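Biologist: I have the model open and would like to go through a few spots. Can you take me through the side chains and then some of the backbone?

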Amino acid sequence: MITVSGVSKGFGGRMLFEDVNVSFSPGHNYGLTGPNGCGKSTFMKLLIGAEASDAGSVSLPERTAWLRQDHTHFDEHKVLDTVIMGNHRLWQAMVRKEHLYDKDDAEGLSDAEAEELGELEMVVAEEDGYTAEADAAQLLDGLGVEEALHDRPMAELQGGIKLRVLLAQALFGRPDALLLDEPTNHLDLDSIRWLEGFLIDYKGVLVVISHDRRFLNAVCDQIADIDYETIITYPGNYDDMVRQKAAMRGRLSKDQAAREKKIAQLQDFISRFGAGTRASQTRSRARQIEKLKPEEIKRSNIRRPFIRFPVDDPSGRDVLDVADLSFSYPEPGTIFHSFHAHVQRGDKVAILGANGIGKTTLLRVLMGELACEEGEVKWGHNAKIGWYKQEHRDEVQAGSTVFEWLFAHRPEVGQEQVRAVLGRMLFSGEDGGKPTGTLSGGEAARLMMSQMILMGYNVLILDEPTNHLDLESISALGEAIESYEGTIFYVTHDRDLASHATRIWAFDKPGHLIDYAGTIDEYLDWLDRTRKQSA
């Protein structure tokens, strides 16, 4: 069990949580939720001891594993060894055992060292050390780390692959408690589905942070929500929590309104009869008012943007024709070859595939930023395209305010409409005066979406639009995609967001891009059937 007692933490002059008392029990999977900036990652750091609390204490099981964020710490070690290090007791025994065997070969062992070697062999056996490499390889395979990389040094791996290795390390060795901060980052759909199955079968206590709503719904049976400067635990998955929280907030508001109505009636009586013959009655009512005095309801830190992408002028019926399209780099080689697709007005195309496989490259070819080697890209009549780039911070230049930056994109609509768009995207009041150079990642993302709302594009291209967004904003974006009347192409790893697509472009393997006419669930079912048939 993980026990948190009286923990408080403030940051930057703001209280994140105060006097938190919560426990996480074995056999349950807890999703740690809350909007960006509420303190989820800070709380996780408090649990593992990477950051000190202002008050209180945390108790953890001895065998607690977590997803490490320092991607360079294990650069000198092989991939398989890095995974096995997730079981500290086993790894220490293996290292010491190897040292003693080397010494025995060179100069022999003392009686004490020979006895120690026997004890180490027992530790290795108890910790399943004789199958450790096979078990580690199985984890790596499930997370999409190719066998050819298993004996390579960590220093040679790209960042996304390193994260998968560190995730395998956290899962290795049957920990009693498992703490994971955004474990689905850099995972493709196959790896996410594998991880879901692993965590559903996990018997310890899991605490996980994720912006993937479908992942939380699949894995978690409890939600620990950071709000009202505390942590409230709700039974069920993320969607269950949202319903319970809304109902609880509704009951509090209804009770508050009833109290205020009764107080108004009592105060009316006192004002009418306070100076007359009913003094005792008015004193009684004054005491009732004191008892009914409503408690202050703390303001929730959850804020949800209202995202809708209007279409000023519709495009033609035929939006995009792609014929025999091919592109490759010197390294890693072919990105896609002889790709054909015809997209019509109203199509919603989700572009799927592993990190680094070529999704952004595909968008750059479609937009003419990269020249294709073969084939043709032809946009249809009156296609007015808005492009939300994955690396969009350069688009929001420093040197102006939020309002000035957005207003400059379309001043003819007037200041009132610009402010209305900003308000719906949570830049209300003074927030419009924020300097653009000081915006957080989430704020910059919302400002870029504000620009796309204001411009009224009839074709949208969104490259990883969920980066830097919290769950509420991602949910609002999903509703916007579903209601959008234009044509949309969007790159995502979020299956809930992908569920709004009417067709799928998928890199099912390196160098191979397919166009599937159907939903994400239909595509995954087809993919599973295809693999079973070819197995």
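Biologist: Which residues do ring pairs link into a cluster?
Modeller: F339, W379, F489 and W505 form a cluster linked by ring pairs. Keep in mind that this is a predicted model.

Biologist: How many aromatic pairs does a search of the whole structure find?
Modeller: The search finds 13 aromatic pairs. One of them is F17 with F43: the ring centres are 5.6 Å apart and the planes are at 90°, so this pair is edge-to-face.

Biologist: Where in the chain are F17 and F43?
Modeller: F17 is in strand β2, residues 14-24, and F43 is in helix α1, residues 40-48. They are 26 residues apart, and the pair links distant parts of the chain.

Biologist: Buried or exposed, those two?
Modeller: Both F17 and F43 are buried.

Biologist: What about the rings of F327 and Y329?
Modeller: Their centres are 5.0 Å apart with the planes at 85°, so F327 and Y329 are edge-to-face. F327 counts as buried because its relative accessibility is 7%, under the 20% cut-off. Y329 has a relative accessible area of 28%, so Y329 is partly exposed.

Biologist: On to charges. Which residue lies over the face of W387?
Modeller: K389 does, at 4.5 Å from the ring centre. There is also R446, which lies over the face of F427 at 4.7 Å from the ring centre.

Biologist: Changing topic: where does L178 sit?
Modeller: L178 is in strand β6, which covers residues 177-181. Its relative accessible area is 0%, so L178 is buried.

Biologist: What is L178 in contact with, leaving aside neighbours within four places in sequence?
Modeller: L178 is in contact with A65, A170, L171, L199, Y202, V205, L206 and V207.

Biologist: And how far apart are L178 and N29?
Modeller: In sequence, L178 and N29 are 149 residues apart; in space, 9.4 Å from C-alpha to C-alpha.

Biologist: Now helix α17. What is its reach?
Modeller: Helix α17 has 15 residues, 520-534, and reaches 21 Å from the first C-alpha to the last. That is close to the 21 Å expected at 1.5 Å a residue.

Biologist: Which residues of α17 are buried?
Modeller: I520, Y523, L524 and L527 are buried in α17. They cover an arc of only 95° around the axis, so they are on the same side of α17.

Biologist: What is exposed on the other side of α17?
Modeller: K532 and Q533 are exposed there.

Biologist: And what covers the buried residues of α17?
Modeller: The cover includes α7 (189-201), β12 (348-352), α16 (495-498), β17 (503-509) and β18 (512-516).

Biologist: Last topic, the backbone. What is phi of R174?
Modeller: Phi of R174 is near 50°, a positive value in a residue other than glycine. R174 lies in the loop between α6 (159-171) and β6.

Biologist: What about phi of E464?
Modeller: Phi of E464 is near 50°, again a positive value in a residue other than glycine. E464 is in the loop between β15 (459-463) and α15 (471-483).

Biologist: Is E464 buried or exposed?
Modeller: E464 is buried, because its relative accessible area is 7%.

Notes
Residues numbered from 1 in each chain as written. Predicted model: local features only at pLDDT ≥ 70, side-chain atom pairs only at ≥ 80, totals over all residues. Heavy atoms only, no water. Helix = DSSP H or I, 4+ residues; strand = E, 2+ residues; numbered from the N terminus. Buried < 20%, exposed > 50% of the residue type's maximum accessible area, 1.4 Å probe, protein only. Contact = heavy atoms within 4.5 Å. Expected span 1.5 Å × (residues − 1). Arc of directions from axis to C-beta. Phe/Tyr/Trp six-rings, centres within 6.5 Å; stacked < 30°, edge-to-face > 60°. Lys NZ or Arg CZ within 6 Å of the ring centre and 35° of its normal.
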